[in-house]
Amino acid sequence: MPRARVGILISGRGSNMAALIEATRDPACPYEVVLIISNVADADGLAFAAAEGIPQFAHSHVGLTKAEFEALIDGALRDAGVDYVALAGFMRVLSPDFVARWDGRIVNIHPSLLPLYRGLDTHQRALDAGDTRHGASVHLVTAALDGGPVLAQAEVPILEGDDAEALARRVLIEEHMLYPAALAELIRSRGA
Ligand code: GRF
């Protein structure tokens with residue numbers, strides 16, 4: 001079966017992007033990564049993508065309306081023949097229109113056990129709440145911020161003495177395994 005074509009949207013470090021790319025080295029991986037898009041021109045993740053020889057499209061959202069910016073992204077994704085879009089630390093909220101155009105084919109990873117802690121500062125919020133477990137979720141993206149159907153989750157215990165940084169580090173290790181597996185599973189179940 002031909003591999004599904006995945007485009008990844010980032011804004012920064014890109015470690016989940018790198019994990020998604022690394023997973024494609026397995027011949028059984030049902031997807032390939034064909035485009036990296038960033039709204040930040042010097043996002044760290046772009047250097048990794050360049051070293052991998054993956055085409056990239058970097059364009060700031062600054063000075064553009066949301067509709068103008070999203071038209072650029074959508075055009076780049078369509079030009080690259082993308083089948084699935086993976087958000088990986090992409091720090092712009094996408095409009096309902098954009099999301100509807102990729103309905104069922106756009107996913108995100110969020111550092112909490114959704115539906116807990118949508119939005120930012122998830123690690124600190126889990127600590128402040130006195131939770132004993134925390135983790136990450138991969139979900140389909142809908143118009144509701146971090147509110148789409150959950151595809152997969154990974155849990156970590158919250159340990160005595162954890163601060164937000166320590167917890168984030170431990171969750172991130174899980175994210176890097178969870179995201180490629182969840183995306184592969186979605187594609188296997190739906191096809192390219
Ligand atoms: C991750 O914690 C991810 O769950 C969240 O943003 C962070 C991105 O990190 N959506 P990276 O850019 O993938 O390293």
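Me: What should I know about the model before reading values?
Reply: It is predicted: local features need pLDDT of at least 70, side-chain atom pairs count only at pLDDT 80 or more, and totals for chains, interfaces and linings use all residues. Residues are numbered from 1 along each chain as its sequence is written, and side-chain values use heavy atoms, with hydrogens and water left out.

Me: Which residues surround the ligand?
Reply: A residue is near a molecule if one of its heavy atoms lies within 4 Å of it. Here the shell is Arg 13, Gly 14, Ser 15, Asn 16, Gly 89, Ile 109, His 110, Pro 111 and Glu 175.

Me: How many shell residues fall in each class?
Reply: Ala, Val, Leu, Ile, Met, Phe, Trp, Tyr, Cys and Pro count as nonpolar, Asp, Glu, Lys and Arg as charged, and the others, Gly among them, as polar. The shell has two nonpolar, five polar and two charged residues.

Me: Which side chains have polar atoms by an oxygen atom of the ligand?
Reply: A polar contact is a pair of N or O atoms within 3.5 Å; within protein, one must be able to donate a hydrogen and the other to accept it, and residues adjacent in sequence count only if both atoms are side-chain atoms. The Arg 13 side chain places an N or O atom 2.5 Å from a ligand oxygen. For Glu 175, a polar side-chain atom is 2.7 Å from a ligand oxygen. Ile 109 uses its backbone: an N or O atom there lies 2.9 Å from a ligand nitrogen.

Me: What does Asp 131 touch?
Reply: Contact means heavy atoms within 4.5 Å. Not counting residues up to four places away in sequence, Asp 131 touches Leu 116, Tyr 117, Ala 126 and Ile 158. Pro 157 is 26 residues from Asp 131 in sequence, with 8.9 Å between their C-alpha atoms.

Me: What is the phi of Tyr 117?
Reply: Tyr 117 is not a glycine, yet its phi is positive, about 55°.

Me: Which peptide bond is cis?
Reply: The bond from Leu 114 to Pro 115, with omega near 15°.
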